Amino acid sequence: MNLQEQLKAVKSTWDNWNGRIPNGKELILEGNVQPTIVSPIYKIKITYKEGGYPFVKVVSPELKLYPGKESLPHVNSHPDNPLCLFLYEFNSRNDALAETIIKWITWWLFFYEIWAETGEWTGGGTHPTRW
């Protein structure tokens, strides 16, 4: 899917997400995710270049570490701690961010909240990867 198709799919699927293609080469999406009714509302920013992988950052609230842990689970090695949502599952030619990445963000945050309370990551996956 090209950037315009991605933006259209997000806007038609998620009413609490906005996007723009400021330079014609990357899509910037911003929206809110609330994994459960008792969860905080997380402000998310996705930066996506066509043919690449989405860079997903939790803007607010700040993600907290479980006591005694030195880093967040399942984030990529980058100062902004972009979320590690997939290994090979995203196909940039065919997959809509609206149907994959945004849903996966919700699941990641759900498992993050469990980890923040217990110190145990129950969301599966692999070790963090380098960005």
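The legends below describe close-up views of a predicted model. Residues are numbered from 1 along each chain as its sequence is written, and side-chain values use heavy atoms, with hydrogens and water left out. In this predicted model local features need pLDDT of at least 70 and side-chain atom pairs count only at pLDDT 80 or more, while totals for chains, interfaces and linings use all residues.

View 1. Helices (H or I, at least four residues) and strands (E, at least two) are DSSP runs, numbered from the N terminus. From that end the elements follow the order α-β-β-β-β-α. The radius of gyration (taken over C-alpha atoms) is 15 Å, close to the 14 Å given for 131 residues by the globule rule, so the protein is as compact as a globular protein of that length. That rule is 2.2 Å times the number of residues to the power 0.38. The C-alpha trace spans about 45 × 30 × 20 Å along its principal axes.

**View 2. The open sheet, in the order S1-S2-S3-S4.** Its pairing is antiparallel; two strands pair if DSSP finds at least two bridges between them. S1 (17–20) and S4 stand at the edges with a single partner strand each, so one side of each has no neighbour in the sheet. Eight bridges join S2 to S3, and Glu-30 has Lys-45 in S3 as its bridge partner.

**View 3. Two helices on the sheet.** H1 touches S1, S2 and S3, and its direction makes about 15° with that of S2. H2 touches S1, S2, S3 and S4, at about 135° to the direction of S3. Contact means heavy atoms within 4.5 Å. Axes are lines fitted to C-alpha atoms, for helices over the stretch in contact, and angles run from 0 to 180 degrees between N-to-C directions.

**View 4. The largest nonpolar core, with 33 residues.** Such a core is a set of buried Ala, Val, Leu, Ile, Met, Phe, Trp, Tyr and Cys residues joined through side-chain atoms within 4.5 Å, where buried means under 20% relative accessible area (1.4 Å probe, protein chains only). Trp-17, Ile-44 and Trp-108 are among the residues with the most contacts inside it. H2 (101–118) gives the most to this core, with eight residues. Not counting residues up to four places away in sequence, Trp-108 touches Leu-63, Pro-73, His-74, Val-75, Leu-83, Cys-84, Leu-85 and Trp-121.

**View 5. Residues 127–131, where pLDDT stays under 50.** pLDDT is the predictor's confidence in each residue, from 0 to 100. The protein averages 87.

Definitions and conventions. Buried < 20%, exposed > 50% of the residue type's maximum accessible area, 1.4 Å probe, protein only.
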